[in-house]
Amino acid sequence: MLPDTPTKPDETPLPGVTPNKLLSPRKKVVNVVPRDPILDSRPRLEGWRMTCRSHVFRYKLVEIAKRYHRKFMERIGLFLSESEHSKLRRFHPKFDIDVECERIPEAEIPDVPRDESERHLEMRDYFATVDTSAPLPSAVDTAIDELKSPVKKVINSERGVPLSPRRFAEKQASKPKEAMSLLERIRAKEAAKKAAENMRDPVTERRKELLQRILHGLLRCITTYIF
């Protein structure tokens, strides 16, 4: 048997293949459409924002003072360029801020923008929509007058309880002297209870407690063996 004839291998390069991403047939390609950013114009009053605003306010005041300082330097005969003036670290010793700087005009503080759609309705808004031209029933008027009156009605033998201190003092003075107040009755009851406890004999109370325990133990044993 003859061996196979050796052949020259094919050295032709393979064609280049561009790799493509395999997409699932169940998934749909969604093209994201960029949206315009929505600016939040609500007022910001955080602590760090207030600190930044104070620094900005101070910077603007210093810039105003620098402008008047430059005019002062030109008036006394010292002319500096813009770069030289920006490199100054302190004002001239003869520069008086209170004299050289003019008064800063005051501007009105703008009102906080309010969105009427986000405002919560209150009870006064509801009353503004209620028609009050129609007369109310007599019972409702009577109830309103009773609520406005300083004398409040309660369910007891008396018709009203005066709210003023003078009437309350007169009512307390008209009570008989023998009547005890609520606090006095509570104190008398506690004193009687303490006196009754002091009258008890501790030895007798101890014997009574032991007899009660023996009685309960005997009853437990009897019911266990009988039933």
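Which residue takes a positive phi just after α1? The reply is given under point 3.

1. Basis of the note. The model is predicted; local features need pLDDT of at least 70, side-chain atom pairs count only at pLDDT 80 or more, and totals for chains, interfaces and linings use all residues. Residues are numbered from 1 along each chain as its sequence is written, and side-chain values use heavy atoms, with hydrogens and water left out.

2. Confidence and overall composition. The average pLDDT (the predictor's confidence in each residue, from 0 to 100) is 76 for the protein, and 73% of the residues score at least 70. Helix α1 has the highest confidence, at 88, whereas helix α6 (residues 165-174) has the lowest, at a mean of 74. Where pLDDT is low, the predicted coordinates should not be read in detail. The protein contains eight helices and zero strands, where helices (H or I, at least four residues) and strands (E, at least two) are DSSP runs numbered from the N terminus. Its pattern along the sequence is α-α-α-α-α-α-α-α.

3. Helix α1 and its end. Helix α1 covers residues 47-75. Its 29 residues should span 42 Å at 1.5 Å a residue, and the end C-alpha atoms are 43 Å apart, which agrees; the expected span is 1.5 Å times one less than the number of residues. Just after α1, G77 takes a positive phi of about 100 degrees.

4. Burial. Of the 227 residues of the protein, 4% count as buried. Buried means under 20% relative accessible area, exposed over 50%, and partly exposed in between (1.4 Å probe, protein chains only). In α1 the buried residues are A65, Y68, H69, F72 and M73. Their cover includes α2 (82-86) and α3 (97-100).

5. The histidines H69 and H85. H69 lies in helix α1 and is buried because its relative accessible area is 2%. Leaving aside residues up to four places away in sequence, H69 touches H85, L88, F91, H92 and F95, a contact being heavy atoms within 4.5 Å. H85 belongs to helix α2 and is also buried, with a relative accessible area of 11%. With the same exclusion of residues up to four places away in sequence, the contacts of H85 are K66, H69, R70 and L80. Across the protein, residues 24 or more positions apart account for 27% of the contacts with a separation of 6 or more.

6. Five salt bridges are found in a search of the whole structure; the term denotes a side-chain nitrogen of Lys or Arg within 4 Å of a carboxyl oxygen of Asp or Glu. One of them joins the side chains of R70 and E74 (4.0 Å, N to O). Both residues lie in helix α1, four residues apart, about one turn of the helix. An α-helix has 3.6 residues a turn, so residues three or four places apart point the same way. R70 is partly exposed at 25% relative accessibility, and E74 is partly exposed at 37%. A network of salt bridges links R70, E74 and E82.

7. The pair R75 and E100. The side chains of R75 and E100 form a salt bridge at 2.6 Å, N to O. R75 lies in helix α1 and E100 in helix α3, so this pair ties together parts that are 25 residues apart in sequence. R75 counts as exposed, at 53% relative accessibility, whereas E100 is partly exposed, with a relative accessible area of 21%.

8. The pair R206 and E209. In helix α8 (residues 202-226), R206 and E209 are three residues apart, about one turn of the helix. Their side chains meet in a salt bridge of 3.7 Å, N to O. R206 is partly exposed at 44% relative accessibility, and E209 is partly exposed at 41%.

9. Surface. The protein exposes about 23,700 Å², of which carbon and sulfur atoms supply 59%; accessible areas come from the Shrake-Rupley method with a 1.4 Å probe, and for residues only the protein chains shown count as cover. M123, Y126, F127 and V130 form a nonpolar surface patch with about 430 Å² of accessible area together. Patches are made of residues with over 30% relative accessible area and no salt bridge: like charges are joined within 9 Å, and nonpolar side chains (Val, Leu, Ile, Met, Phe, Trp, Tyr) within 5 Å. Within this patch, F127 is found in helix α4 (residues 123-129) and counts as exposed, at 52% relative accessibility.
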